[in-house]
Amino acid sequence: MDDIITRQVNVDTPEYEQVWELREALLRKPIGLSLKDEDLSDDAKDIILIAEKGGKVVGCLMLQPKTDVLIKFRQMAVYHEWQGKGIGAQLMHAAEHIAVMHGYKQVVLHARITAKDFYAGLDYIVTSDVFTEVGIDHVVMEKKLTDMIAQ
Ligand SMILES: CC(C)(COP(=O)(O)OP(=O)(O)OC[C@H]1O[C@@H](n2cnc3c(N)ncnc32)[C@H](O)[C@@H]1OP(=O)(O)O)[C@@H](O)C(=O)NCCC(=O)NCCS
């Protein structure tokens, strides 16, 4: 969407509070959990991407470096009223671009089964059996960024 801005923030910028609220509303409250019960100290090490419309955060995605070449994408969420408009894909593409610019060669993520086909549509491949995380079924999915660069 042309009027959705995707940009990078961090734990010290005012938007981080909106990111927290979005994660809480989409990724924790529906499964009976709260970020208040989690250690979020790793957030400070992540690259935090937001999709923003008129100053309001409508989507987020966090990038967590694992090794010099591997980066994990996590906490992908778009508010219900903004879903199905390409914002999730826009965030993923922006994140991949940033990852390539930083020299990462591969992305790994833990996909909820309900979101597996979203990532599959972006060329992520399932590389694990189903496992339980935060009480729900997930699979590991991966994408080689070197394939992306070659295209
Ligand atoms: C999953 C989520 C991030 C997708 O964001 P979105 O902005 O709605 O996705 P987009 O509009 O960019 O969709 C891109 C494509 O994926 C498809 N898609 C989106 N969500 C999907 C899903 N859950 N399953 C299958 N396909 C999906 C869209 O139909 C679209 O297909 P198209 O390119 O053929 O038109 C969003 O639905 C969400 O926040 N869900 C709740 C939280 C969640 O489950 N996060 C993922 C945790 S692993």
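Helices and strands are taken here as DSSP runs, numbered from the N terminus. In this predicted model, the shell around the ligand draws at least two residues from each of helix H1 (15–28), strand S4 (70–78), helix H2, strand S5 (106–112) and helix H3 (116–120). The shell comprises 19 residues, of which Gln-83, Gly-88, Ala-89, Asp-117 and Phe-118 come nearest to the ligand. By class, ten of the shell residues are nonpolar, six are polar and three are charged.

Helix H2 covers residues 87–101. At 1.5 Å a residue, its 15 residues should span 21 Å, and the end C-alpha atoms are 21 Å apart, which agrees. The buried residues of H2 are Gly-88, Leu-91, Met-92, Ala-95, Glu-96 and Ala-99. Viewed down the helix axis, these buried residues fall within an arc of 135 degrees, so they line one face of H2. After H2 comes Gly-103, with a positive phi near 90 degrees.

In soluble globular proteins, nonpolar side chains tend to be buried together. The largest nonpolar core in the model contains 29 residues, and Leu-49, Cys-60, Leu-61 and Ala-95 have the most contacts inside it. Two or more core residues come from each of H1, strand S2 (47–53), strand S3 (56–65), S4, H2, S5 and strand S8 (136–144). S3 provides the largest share, six residues. With residues up to four places away in sequence left out, Cys-60 touches Val-19, Leu-22, Arg-23, Ile-48, Leu-49, Ile-50, Gln-75 and Ala-77.

Technical notes: Residues numbered from 1 in each chain as written. Predicted model: local features only at pLDDT ≥ 70, side-chain atom pairs only at ≥ 80, totals over all residues. Helix = DSSP H or I, 4+ residues; strand = E, 2+ residues; numbered from the N terminus. Expected span 1.5 Å × (residues − 1). Buried ≥ 20, exposed ≤ 12 C-beta atoms within 10 Å, placed from the backbone. Arc of directions from axis to C-beta. Near = placed C-beta within 6 Å. Nonpolar A, V, L, I, M, F, W, Y, C, P; charged D, E, K, R; others polar. Core = buried A, V, L, I, M, F, W, Y, C linked by C-beta atoms within 7 Å. Contact = placed C-beta atoms within 7 Å.
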